[in-house]
Amino acid sequence: MASTISTVFGVDRSLSGKAWHWRGGNMDVSASWGESTGALDDVVTQLLLSRGVARDDLDRHRVPTMRAFLPDPSHFRDMDAAAERLAQAVMTGETVTIYGDYDVDGATSAALMIRLLRMLGHDARYYIPDRLLEGYGPSGEALVRLAEEGSSLIVTVDCGAMAHDALAQAHAAGVDVIVVDHHKCAHELPLAAALVNPNRLDESEIGAEHGHLAAVGVAFVLAVALVRTLRAHGYFTDRAEPDLMSLLDLVALGTVADVAQIRGLNRAFVAQGLKVMARRANVGMAALIDASRLKRAPACSDLGFALGPRINAGGRVGESTLGVRLLTTEDPDEAAAIAQQLSALNEERRAIEAEVQAAAEAMLEGQHNRAVHVLAGRGWHPGVIGIVAGRIKEKTGKPAVVIALDGETGKGSGRSIAGIDLGAAIIAARESGLLVAGGGHAMAAGLTIDAAQLGALADWLDERLGAQVARAMEGGAMPMDLALAPGGLTPELVEALDGAGPYGMGWPGPRLAVGPVRLVRAEVVGTDHVRLVASGMDGKSFKAIAFRAAESALGQALLHGSRGRSLWLAGRAKIDDWGDRPQAELHLEDAAWAD
């Protein structure tokens with residue numbers, strides 16, 4: 001089967017029902033791999049171009065640095081006011097409290113501010129609300145209590161953009177509040193000394209271009225502005241300026257774990273942050289890496305799948321302050337103990353999540369016609385509903401909102417698909433009177449709802465987002481970046497592909513089509529993963545694995561229908577570093593018959 005310009009290897013319907021299309025230009029090197037010494041460089045160039053990089057901007061994106069991507073902080077609304085107010089607090093020794101959220105972005109944002117102020121000779125307090133008892137965002141009661149305990153300045157991180165009532169109470173109590181957030185804002189902003197958020201509706205053009213930043217990224221830009229302001233005040237005449245680059249490991253972790261788009265400044269944050277993380281200078285981060293059983297420096301994927309979930313576990317099923325305590329401690333023994341506690345909580349979270357996911361999936365059968373799945377149940381742990389919503393989204397390809405009901409109300413968490421701004425829809429639903437509270441960003445949202453309004457919310461989301469979801473799902477194309485014979489799947493190729501990273505949301509990792517192959521072995525490993533050994537006509541073989549696929553149509557075809565038949569395989573190239581020497585393997589996402 002010959003490849004064409006429009007499809008890869010001629011696949012117009014794979015085992016998962018998709019056509020394989022080129023993401024960018026045709027990069028079929030299956031017949032010529034290795035003939036050109038510049039082949040690997042050509043691949044990296046094509047990857048960058050296909051992700052929207054202009055040809056005259058390639059050099060900047062090949063090695064994303066802070067110098068190349070960091071904007072002038074003053075372009076952001078209220079940034080200078082926030083930096084000046086913080087500078088005054090530092091210079092006069094005011095009591096400052098950092099008010100963070102309980103997830104990874106909140107924990108890293110809070111830790112960044114605490115460590116920054118510590119570098120400046122100022123010890124800040126912190127406050128992380130309990131997910132179950134207090135819920136998301138600053139409460140007026142907590143802010144007033146912090147003021148009564150002596151705080152004259154409170155900095156909220158990863159929350160506060162929609163906390164109108166709470167910030168009004170803080171203002172009445174005489175305490176200044178700086179909001180550092182990235183969640184969607186309403187037209188009317190809450191009363192604050194400064195509100196720094198690139199997703200303000202009145203944000204400047206350059207500031208709005210950075211609406212994809214996680215809160216920890218916004219906090220880092222504020223750190224740059226604060227140091228610059230203190231420099232102008234002569235604060236560093238007799239003291240050294242802080243090394244802001246040393247904080248980038250926190251920025252990288254929060255950015256990836258919050259599923260922010262890894263493009264532009266975020267690519268620089270993550271690329272440079274991974275280098276900082278590899279140096280293990282942050283005692284708590286090093287303990288977290290060790291507790292995650294990583295024997296090497298973390299890669300981008302480790303932040304989302306190993307480190308991030310452990311920090312999240314504290315806020316989901318344990319103690320909300322554990323993440324901040326870990327990431328700010330200088331005591332190796334304390335760090336090791338907290339990291340082990342978070343690992344244990346993460347295992348507990350997995351068990352709870354599995355129960356809620358099974359119950360939620362049982363409800364899907366009656367919702368095939370829904371554009372957005374709204375699933376609610378009593379007794380569901382609110383700490384795992386966001387993860388379950390993400391699993392449902394992955395399973396169905398549609399946005400999902402999972403709601404834990406308790407009495408007459410419910411706490412919900414939603415996850416979206418590319419092209420559907422769920423946060424904006426949830427804010428609109430709140431403004432329409434369907435929700436008690438709600439907000440978020442494009443890919444994730446949270447809400448509080450009266451149980452009686454569940455049906456109305458599901459209908460409203462269908463009406464508002466139905467056409468958009470249909471457009472996002474139509475076509476069924478799977479974009480491919482490179483097609484090659486099995487012999488081309490080498491560690492050198494994986495290393496070259498990494499050169500266009502780091503990859504994540506908004507900057508997708510390269511997907512490869514490989515073949516044709518015959519399966520030498522296909523078996524179920526773990527719970528429901530399918531492990532393969534594939535051999536090509538060129539005499540080369542490689543391993544592949546399809547995660548959570550044993551019961552899917554793809555998995556069943558690989559396990560039971562492939563004997564004597566040739567296939568094309570598609571997925572992500574990774575390094576398998578078990579054994580004597582690293583080998584390249586394929587993390588399988590799709591397959592198609594080649595005969």
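This is a predicted model: local features need pLDDT of at least 70, side-chain atom pairs count only at pLDDT 80 or more; totals for chains, interfaces and linings use all residues.
Residues are numbered from 1 along each chain as its sequence is written, and side-chain values use heavy atoms, with hydrogens and water left out.

**Salt bridges**

- Side chains of opposite charge can pair when their charged atoms come close. Here a salt bridge means a side-chain nitrogen of Lys or Arg within 4 Å of a carboxyl oxygen of Asp or Glu, and a search of the whole structure turns up 28 of them.
- Arg-85 and Glu-94 meet through their side chains at 2.8 Å, N to O. Both Arg-85 and Glu-94 are buried (buried is under 20% relative accessible area, exposed is over 50%, and partly exposed is in between, using a 1.4 Å probe and protein chains only).
- Glu-141 pairs with Arg-145, and their closest N and O atoms are 3.9 Å apart. The two sit 4 residues apart in helix 6 (residues 140-148), so about one helical turn separates them. (Helices are DSSP runs of H or I with at least four residues, strands are E runs with at least two, and both are numbered from the N terminus.) Glu-141 counts as exposed at 61% relative accessibility, while Arg-145 is partly exposed at 31%.
- Glu-241 and Arg-231 form another salt bridge, with the closest N and O atoms 2.8 Å apart. Glu-241 lies in the loop between helix 9 and helix 10 (248-257) and Arg-231 in helix 9, so this pair ties together parts that are 10 residues apart in sequence. Glu-241 is partly exposed at 37% relative accessibility, and Arg-231 is partly exposed at 44%.

**Nonpolar cores**

- In soluble globular proteins, nonpolar side chains tend to be buried together. A nonpolar core is a set of buried Ala, Val, Leu, Ile, Met, Phe, Trp, Tyr and Cys residues joined through side-chain atoms within 4.5 Å.
- The largest core holds 151 residues, and Trp-20, Ile-98 and Leu-112 touch the most other members. Helix 9 (residues 215-232) gives this core its largest share, 11 residues.
- Take Leu-112: leaving aside residues up to four places away in sequence, Leu-112 touches Val-216, Ala-219, Phe-220, Ala-223, Leu-247, Leu-250 and Val-251. Touching, or contact, means heavy atoms within 4.5 Å.
- There's also a second, separate core of 27 residues, which includes Val-401, Ala-429, Leu-447 and Leu-454.

**A covered helix**

- Helix 12 (residues 283-291) is mostly covered, with 7 of its 9 residues buried. Among the buried ones are Gly-284, Met-285 and Leu-288.
- The buried residues of helix 12 pack against helix 10, helix 11 (265-278), helix 13, helix 14 and helix 15 (332-362).

- Thr-92 lies in helix 4 (residues 79-92) and is exposed at 54% relative accessibility. Thr-92 and Asp-12 are 80 residues apart in sequence and 67 Å apart in space, C-alpha to C-alpha.
- Ala-442 sits in the loop between strand 10 (437-440) and strand 11 (444-450). Its C-alpha atom is 8.6 Å from that of Ala-418, 24 residues away along the chain.
- Not counting residues up to four places away in sequence, the contacts of Ala-442 include Lys-184, Ser-416 and Ile-420.

- Most residues other than glycine have a negative phi, and most peptide bonds are trans.
- A cis peptide bond joins Gly-501 and Pro-502, with omega about 0 degrees. Pro-502 is in the loop between helix 19 (491-498) and strand 14 (512-525).
- The bond from Gly-515 to Pro-516 is cis too, with omega near 0 degrees, and Pro-516 belongs to strand 14.
- Phe-9 isn't a glycine, yet its phi is positive, near 55 degrees. Phe-9 lies in the segment before strand 1 (19-22) and is buried, at 3% relative accessible area.
- Arg-280 has a positive phi as well, about 60 degrees. Arg-280 is in the loop between helix 11 and helix 12 and is partly exposed at 39% relative accessibility.
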